[in-house]
Amino acid sequence: MRTLLNTIVGAGLAAMLAAHRAYGGDLRDLHFGEAQYYAHQGQYLEALERLDAELGQYHDLDEPQLDTLHFHIGEAEFSVGDFELNYRMHHRAGRAIKAVLESNVDEAVRNEAAFRLARIHFQKDQLEEALHALDRISGRIPDGIKNEIEFLRANVYLASGRPGDAVSVLKRLQGAAGLTGFAEYNLGIALLQDKRAGDAIDQLDRAGKIKVDAEASRIKPDAEASRAIRDKSNLILGDLLFESKEFDRAQLSFDRVRLTGPFSNQALLRAGWSAMSAEKYDRAVVPWSMLVDRDVTDGAVQEALLALPYAYGKLNVHGRAALLYGRALETFSKERVRVDASIESIRAGKFLKALVREEIRQDKDWVIRLRTLPEAPETFYLASLMSSHDFQTALQNYLDLEDVRRKLETWQNSFTAFEDVIERRRGNYEPLLPEIDAKFRELDSQIRLRQQQRANIERRLHGMLTMPRPDHLATADERIVRERLNAIERALKAQPGPEVEPLQRRVERLNGFLIWNLRTQYDERLTQAYKDLEALNADIANMTARYDSFVRARQAAMHSYVGYDVPITRLRQRVSDELREVAQVMARQGRVLEIVAITELGQRRDRLESYESQARYAVADSYDRATRAQADVGARQ
Amino acid sequence: MPKTFWTLPFSALCALWCSESCADDSYRAQMKGLDEQVQEIKSDVLSIDAELRRLEEKLLYPSNTHVALFIALAKGDSMRLDAVQIQLDGKLAAHYIYNFKELEALQKGGVQRVYTGNIPTGAHRLEVSVIGKVEGGKDYAHTESFSIDKGIEPKLVGITLAGPGSSKAIDVAAW
């Protein structure tokens, strides 16, 4: 019973908590937004791939506060744990959340981390650890999770066999927003577990009458979950009342279960049995007549196929009972053949093939859809098994492994493409590069020479600011003229005489004219020299940019085909090893699923066989009674 | 029909439940061991993926030519996005038709990487066309051109889309 309670409570809690998200604020980091894009579609592996990479880069930065992820880092650290949890990586999720918990973060953030850690422990049945994590919560708690923390605490108490403590907590949560139906139902279960059957019945009665319509327009999935838990409350209440032999009240409770909900078939079946127990056979006929026209693979429907003619028998309508027993016999026989075919089909490996069919998995209700898959008879009877938590986990693991296997195979094939790209690049660049490098070396030496010259000019000009040197600003013509005048002066000095003197004076005048020009135009020439230097700087900058661009392009060309051999070889080996590992684990996981499915189908087959033999006996019995009744009528007439 | 028949269903239910529970116990341990192995595989795959991503980025999208375009929806906007077409320098870069799940993911604040490629440094023309439906089911189409500058670092461009009621139907920003 305790396991059942845990399952009920756990399923309810998981449904409640799955909806919780702590996103908020404007997006500042595209990669984080990209991870969310995949997470919102339920593609947690893709989300993790992106967020993991982004967080890795962030933590490697020298100044992470300058990175755009910094604006979301708290949310990102939480999200990675969330994604891991959703991708059923509990170990890593626990580690990620513990890291947040142990880091120097805001009290509210730490409390939320503790809550999430407790949630993971609870889901893994580590109840003491869950309580320990919950005990770490103190101080400021984010408003959105206050009730959820207490709800989780109550469920941990309940699962730990402390229903009294759970009752105290759950009483405070009655009517809490976001927990509609769940808090009420769990309180009923806690009271029941605390052996307070009377209180439990009253509480489940309240839980079974809760109104959830007001929420429907606001959060549709939550409202649907609340309605389902209300149905569950009524079903459990009906069972309790039935066991207490309060058949009329039990039937009222079963009648409150919606006819379209997940508990509808069980409610109809039990409503019929309540009426039968109250010896109101005609009232049992109503729900069972409705039930027998439903999906025949459902256990409740199969039971109703036998129960309905039984009720008619009690009403002394033996002819109709005989016909219905005949129909039941035919149905059971047909279904038994189908179950046999399903078992054979599973043995032939078709079950696992059906599970990984892509078109089915696109639908969130794919488990339900499996039942209607025309070419997969092996899944007809497995819906209830598939909805169990353990089987779901195993099944999801199998499907995750299939996804991983496909991914790894794609990667394996991509290595050849990478190598092809690399080879083509090598073939393109390698013949070109020696010639390009030779030309570049030539140009490089010229560039360096010009840069040196420019540096010399700049240095000279700077020197002239403090020590004017007009001769340095002479034009080329002026320098030639001065050279010629110097040569004439030297020649005149070598030939002394009276006729040389006027010539020497002329040379001095010309020299004086030259010096006059240089001195008087010095400022103007210096300004012009600076302007020319600036123009030269622009050209040099242009040349440097081209130089850098060339160097980058040269490096990019080299990096486009050099240095990949080692990483590709290593990755290829890793992918290959992983594929082997995946194949082994998948085979084992698949085998377990098949065995469990065959065991389940075997049990269903046994039940069908038992029903079939009961129906066979009952058909004959009913015909006898019908014949006798007819004979009695004839005799009386 | 003996009365034991109709009491059978409840006990049968319990028996069925018990047998499931017993079966649970027998394979639970095996499942748990397998679950641990699956978690390890997932962890390894994530590690391979990270290394492969780095390799791919270096090999296929070197930073000096790397450009990535991302699609986001304006917060609170009610437009139902059907498709986006993007041209980069007059050439078709991306044409994407959204399904319901993708649209919902965008509406919840997710960002879609719609294109990753290579372009040289310098200015480039980006043309974004949006097709969707506005409130009331009326068709909506809008096209706008933008200029983006590619430097030597990777260029990440965020394209935020909104309906006709917004001041900026298409907003392009470098990230």
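Over which residues of chain A does pLDDT stay under 50, and how many contacts beyond four places in sequence does the model have for them?

## Confidence of the model

This is a predicted model, in which local features need pLDDT of at least 70 and side-chain atom pairs count only at pLDDT 80 or more, whereas totals for chains, interfaces and linings use all residues. Residues are numbered from 1 along each chain as its sequence is written, while chains are lettered from A and ligands numbered from 1 in the order in which they are written.

The stretch asked about is residues 1–25 of chain A, where pLDDT (the predictor's confidence in each residue, from 0 to 100) stays under 50 and for which the model has 34 contacts beyond four places in sequence; two residues are in contact if their C-beta atoms, placed from the backbone, lie within 7 Å. Over residues 215–219 of chain A the pLDDT is also below 50, and this stretch has five contacts in the model beyond near neighbours in sequence. Where pLDDT is low, the predicted coordinates should not be read in detail. For chain A as a whole the mean pLDDT is 86, with 90% of the residues reaching 70 or more. Among the elements of chain A, the lowest mean pLDDT, 39, belongs to helix 1 (residues 2–18), and the highest, 95, to helix 2 (residues 30–40); helices (H or I, at least four residues) and strands (E, at least two) are DSSP runs, numbered from the N terminus.

## The sheet of chain B

Chain B holds an open sheet of four strands in the order 4-1-7-8, with mixed pairing, two strands being paired if DSSP finds at least two bridges between them. Its edge strands are strand 4 (112–118) and strand 8 (170–174) of chain B, each of which pairs on one side only, and the twist from one strand to the next averages 20°. Strand 1 (residues 66–73) of chain B pairs with strand 4 of chain B in the antiparallel sense over six bridges, and there Phe70(B) has Arg113(B) as its bridge partner.

Strand 1 of chain B also pairs with strand 7 of chain B, here in the parallel sense and over seven bridges, with Ala72(B) standing opposite Thr160(B). Strand 7 and strand 8 of chain B run antiparallel and are joined by five bridges; in this pairing Ile159(B) stands opposite Val172(B). Five of the seven residues of strand 7 of chain B are buried, so this strand is largely enclosed by the rest of the structure; a residue is buried if 20 or more other C-beta atoms lie within 10 Å of its own, exposed if 12 or fewer, and partly exposed in between, with C-beta atoms placed from the backbone.

## Where chain A meets chain B

Helix 2 of chain A packs on the sheet, touching strand 1, strand 4 and strand 7 (155–161) of chain B, and its direction makes about 60° with that of strand 1 of chain B; axes are lines fitted to C-alpha atoms, for helices over the stretch in contact, and angles run from 0 to 180 degrees between N-to-C directions.

In total, 59 residues of chain A are in contact with 51 residues of chain B. Several helices each supply at least two residues of the side of chain A that touches chain B, among them helix 2, helix 3 (44–60), helix 23 (389–466) and helix 26 (522–559) of chain A, while helix 27 of chain A gives the most, with 17 residues. By class, this side of chain A has 28 nonpolar, 17 polar and 14 charged residues, where Ala, Val, Leu, Ile, Met, Phe, Trp, Tyr, Cys and Pro count as nonpolar, Asp, Glu, Lys and Arg as charged, and the others, Gly among them, as polar.

## Helix 10 of chain A and two loops

Twelve of the twelve residues of helix 10 of chain A are buried, so this helix is largely enclosed by the rest of the structure. Lys195(A) lies in the loop between helix 10 (182–193) and helix 11 (197–207) of chain A, and has a positive phi of about 60° although it is not a glycine. Lys195(A) is exposed, with 10 other C-beta atoms within 10 Å.

Most residues other than glycine have a negative phi. Asp89(B), also not a glycine, has a positive phi of about 55°, and its place is in the loop between strand 2 (80–88) and strand 3 (91–97) of chain B. Asp89(B) counts as exposed, with 12 C-beta neighbours inside 10 Å.
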